[in-house]
Amino acid sequence: MMEQKIKQDIPIGTNIREIRRQRGLKQTELVRLLQLEGVPMTREALVKIERGAQHIQASQLRAIKNALGVTYDQLLES
């Protein structure tokens with residue numbers, strides 16, 4: 001079964017980038033945390049997600065939420 005992808009009609013990527021920066025994490029550090037959780041992610045994919053150029057998968061969103069220690073509401077704020 002294909003995993004659900006979330007269309008970025010709200011600034012999910014921008015929110016991820018801002019929160020990541022507030023936490024003092026570099027893109028490579030966040031990607032490493034996601035990989036440790038078993039979520040396949042490359043820095044290039046994270047860059048595209050943060051720019052809104054690539055849809056984010058539900059599992060990626062969940063892992064990013066956990067890695068950044070935030071709520072879904074914080075990630076989905078418009």
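Predicted model: local features only at pLDDT ≥ 70, side-chain atom pairs only at ≥ 80, totals over all residues.
Residues are numbered from 1 along each chain as its sequence is written, and side-chain values use heavy atoms, with hydrogens and water left out.

The protein has 5 helices and 2 strands, where helices (H or I, at least four residues) and strands (E, at least two) are DSSP runs numbered from the N terminus. Their order from the N terminus is β-α-α-α-β-α-α. Among contacts (heavy atoms within 4.5 Å) between residues at least 6 apart in sequence, 62% join residues at least 24 apart.

Of the 78 residues, 38% are buried, that is, under 20% relative accessible area with a 1.4 Å probe, protein chains only. The largest nonpolar core holds 19 residues; such a core is a set of buried Ala, Val, Leu, Ile, Met, Phe, Trp, Tyr and Cys residues joined through side-chain atoms within 4.5 Å. Ile-16, Leu-34, Met-41, Ile-56, Ile-64 and Leu-68 touch the most other members. At least two core residues come from each of helix H1 (12-22), helix H2 (27-36), H3 and helix H4 (58-68), and H4 gives the most, with 4 residues.

Glu-50 counts as buried because its relative accessible area is 2%. Beyond its neighbours within four places in sequence, Glu-50 is in contact with Gly-13, Thr-14, Ile-16, Arg-17, Arg-20 and Gln-27.

Conventions
Buried < 20%, exposed > 50% of the residue type's maximum accessible area, 1.4 Å probe, protein only.
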